[in-house]
Amino acid sequence: MADIRIKDLTKEYDLHTMGLDGVTLTVPDGGMLVLAGAPGAGKSTLLRCMGGLLDITSGELDIGGRRMNDLPPRERDVCLMTEGVMACGGSVYDNISYGLRLRGMRGAETDARVREAAEIVGLSDKLREKVRRLSEADRRRVSVARGVARRASVFLLDEPLFALSEEDALAVAADIRRAHEASGLTFVVAIGTGEHAFLFGGTVAVMREGRVVRAGGERELTEDPRTPFVATFLGPDPAVVFEENGELRGVRASMAEITPTGDRECEVTDAGEGHVSFRPAPGAPALTLPFKGGATVGGTVRVRFSALLSLRSEERENALSKNSKNDSNV
């Protein structure tokens with residue numbers, strides 16, 4: 001069993017710097033957890049605490065029913081993929097087999113594991129190629145394959161899509177999702193771009209300032225983000241937020257339709273060939289939609305919203321999170 005149970009986990013770097021502030025999470029055996037947040041949110045700190053590279057200040061970390069707080073990395077059945085770091089030089093085969101050879105494995109079992117992992121991520125025809133000659137996307141695939149071949153109970157991946165083109169990011173994310181499904185390992189992926197958070201499946205835990213502010217599946221977080229930060233950060237269709245009748249509201253492009261019978265008259269902020277940008281309410285950020293009709297900057301278009309998100313203020317959400325000790329079971 002490789003379930004993960006984190007309770008009130010805190011990491012203090014010094015009296016003025018808090019890396020983690022009372023994080024509580026539960027990940028089932030074989031589950032996929034995505035930690036999403038902007039740089040400095042605490043994602044990498046949490047991964048390093050789980051991997052044993054950082055000491056835990058307080059709280060509890062259990063993996064597979066075993067307390068990990070004071071165990072050195074070599075005694076944890078955990079594999080950490082750090083962006084941009086390859087295990088060794090040489091061929092793709094050498095890199096994927098590195099962790100196995102380091103643990104004394106040789107022969108047919110090593111070969112079988114390497115080839116199985118390479119096939120999962122589409123590297124079967126590149127096993128003899130030098131890693132330095134690969135594309136950046138294929139180097140990431142090598143790291144993923146190495147972790148799958150290692151078969152650690154928990155596989156931690158820190159920013160696996162960092163600095164990739166959008167096309168490569170989508171492809172590598174699909175490979176990671178396939179690797180998770182094929183291996184049955186417990187995956188924890190840290191991602192710094194909200195638009196990519198839902199690419200891996202599983203549960204997304206949104207982090208901010210060392211805390212988990214919201215956790216759930218794609219539909220739950222999309223339909224009920226609760227706060228402006230979550231609504232505007234997550235997914236390929238982030239919301240714009242505005243105040244209406246004293247309440248915070250959010251709306252996504254997918255919730256809006258420009259139509260002559262729309263019930264809102266919205267100010268046009270930009271108009272070009274095939275698109276128009278408009279404010280859903282006075283002073284609000286603009287939304288952009290495909291539009292082939294005529295529109296003039298400073299004029300208006302009529303818009304129908306299929307739904308509006310109801311949001312809490314950030315101050316209220318922060319208070320609720322602290323009162324509940326940030327308890328997020330996923």
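Student: How many disulfides does the structure hold?

Tutor: We are working with a predicted model, and the criterion to apply is a pair of cysteine sulfur atoms within 2.5 Å. The number of disulfides that the structure holds is 0.

Student: Is C266 buried or exposed?

Tutor: The cut-off for calling a residue buried is under 20% relative accessible area. C79, with a relative accessible area of 16%, is buried. C266 has a relative accessibility of 1%, and it therefore counts as buried.

Student: How far apart are the end C-alpha atoms of helix α4, and what span should its 15 residues have?

Tutor: Helix α4 covers residues 136–150, and at 1.5 Å a residue its 15 residues should span 21 Å.

Student: Is helix α4 largely enclosed by the rest of the structure or largely exposed, and which residue just after it takes a positive phi?

Tutor: Of the 15 residues of α4, 13 are buried, so the helix is largely enclosed by the rest of the structure. Just after α4, a positive phi of about 55° is taken by R151.

Student: How are the rings of F155 and F187 arranged?

Tutor: A pair of aromatic rings is described by the distance of the centres and the angle of the planes. A search of the whole structure finds 2 aromatic pairs. For F155 and F187 the centres are 5.1 Å apart and the planes lie at 70°, and since planes over 60 degrees apart count as edge-to-face, the pair is edge-to-face.

Student: Which strands does this pair link?

Tutor: F155 and F187 are 32 residues apart, so the pair links distant parts of the chain, and F155 counts as buried at 1% relative accessibility, while F187 is buried at 0%. The strands are β7 (residues 154–158) for F155 and β8 (residues 186–191) for F187.

Student: How is the pair of F229 and F233 arranged?

Tutor: F229 and F233 are 4 residues apart in helix α7 (residues 228–233), and are therefore separated by about one helical turn. Both F229 and F233 are buried. With 5.3 Å centre to centre and 10° between the planes, the aromatic pair is stacked.

Student: Which residue has its charged end over the ring of F229?

Tutor: The charged end in question sits 4.4 Å from the centre of the ring of F229. The residue is R208.

Terms used: Residues are numbered from 1 along each chain as its sequence is written. This is a predicted model: local features need pLDDT of at least 70, side-chain atom pairs count only at pLDDT 80 or more; totals for chains, interfaces and linings use all residues. Side-chain values use heavy atoms; hydrogens and water are left out. Buried means under 20% relative accessible area, exposed over 50%, partly exposed in between (1.4 Å probe, protein chains only). Helices (H or I, at least four residues) and strands (E, at least two) are DSSP runs, numbered from the N terminus. The expected span of a helix is 1.5 Å times one less than its number of residues. Rings of Phe, Tyr and Trp (its six-membered ring) pair if their centres lie within 6.5 Å; planes under 30 degrees apart count as stacked, over 60 as edge-to-face and the rest as tilted. A charge sits over a ring if NZ of Lys or CZ of Arg is within 6 Å of the ring centre and within 35 degrees of the ring normal.
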